[in-house]
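The sequence and structure come first.

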Amino acid sequence: MRAVVHDRYGPPEVLRIEEVKRPVPKDDEVLVRIHATTVTRTDTGLRSADLFISRFFTGLLRPKNKILGLELAGEVEAVGKAVTEFHVGDHVFGGKGFGAHAEFIAMRESEPLAHKPVSMTFGEAAAVFDGATLALACLRKADLREGRSILIYGASGSIGTAALQLAKHFGAHVTAVCTTKNVELMRSLGADEVVDYTREDFTKNGKTYDVIFDSVGKHSFRRSRRSLKPGGTFIETDLGFMWHVPLLLLLTRWIGSKKVKMGFPRYTKKDLLFFKELIEAGEYRAVVDRRYQLEDVIAATKYVETEQKTGNVVLTVIADRAT
């Protein structure tokens, strides 16, 4: 099968298309012919290994897993003899830690894999799991419910668009912060208020929120704390400059009423099924910015690294009307 591989860390140019051995499903596994996958910020970080600590998980000198790709949507090609949930020909979607930048992937039936919502194309379904999982892990720290207010900084990204829709599902009053071109998108996703950061600094408008969620790792607790209500929570997705965010987690736990928290995601089938329920209820949709062919993975990766994408970037593995 064709796959995007990399055998060393470095810039996007270390990626290449190569013929590799097709996986054979074990008794409890499903073989999926992938129609679409995505390029995520996580993929780019694992490939570059600029955050050196990541190498302790991915390989100190060279990557242990040469095929990236967290998300996928496709068609069941074969099933192991112990599999009962899926059958050959089923349309599925989900996620795995690696391996989706390829024509086929083998996954255990118990892993995050589910039947694809009928209303979604393969490309849209491939763009659900990672951003929504990261957003949900963070929002679980926020105690969102009816009457609570949240400001989402970077609301037009993969995590941000997911967080906006999940926060609305939980009943929160949502303020989305984005650039001018995405203002109408934020409103279409259900934002109660939208702040165009090119025209207004939310930290200076006098409004306060129960939760401020920095979904892109570009803001800070120091800059935002006056915009938090007493007892409010600042949620961060990145470790921050000089890894200061974990220190703030500890300090604010004991000092002051305003807290800093981080979300630590676990990719589970239970969460995937929750997202599927929201999609089928019309409460969630994936936002796709650009689509690239698998062969154009380097261009797709470079675009993701501009940090200017809206929502998700999809890689089409099989081009058809449903992608």
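## Terms and basis

A cavity is a set of points, on a 1 Å grid over the protein atoms alone, where a 1.4 Å probe fits but cannot get out, while a pocket is an open set with protein on both sides within 12 Å along at least five of seven lines; lining residues have an atom within 4 Å of a point. Grid points are joined across faces, edges and corners, and a volume is the space filled by probe spheres set on the points.

This is a predicted model, in which local features need pLDDT of at least 70 and side-chain atom pairs count only at pLDDT 80 or more, whereas totals for chains, interfaces and linings use all residues. Residues are numbered from 1 along each chain as its sequence is written, and side-chain values use heavy atoms, with hydrogens and water left out.

## Cavities

Two cavities of 30 Å³ or more are present. Helices (H or I, at least four residues) and strands (E, at least two) are DSSP runs numbered from the N terminus.

The second largest cavity has a volume of about 30 Å³. Of its 13 lining residues, A127, S158, T161, Y284 and N312 lie nearest the centre. Two or more residues each come from α4 (129-139) and α5 (158-169), with α5 giving the largest share, four.

## Strand β15

Strands count as paired if DSSP finds at least two bridges between them. β15 pairs with β3 (residues 29-39) in the antiparallel sense over four bridges, and V39 has V313 as its bridge partner. With β14 (residues 288-293) the pairing is parallel, over five bridges; here Y292 stands opposite L315.

T310 lies in the loop between α10 and β15. It counts as buried because its relative accessibility is 8%. Leaving out residues up to four places away in sequence, T310 touches S156, K181, N182, L185, V287, V288 and D289, where contact means heavy atoms within 4.5 Å.

Methods
Buried means under 20% relative accessible area, exposed over 50%, partly exposed in between (1.4 Å probe, protein chains only).
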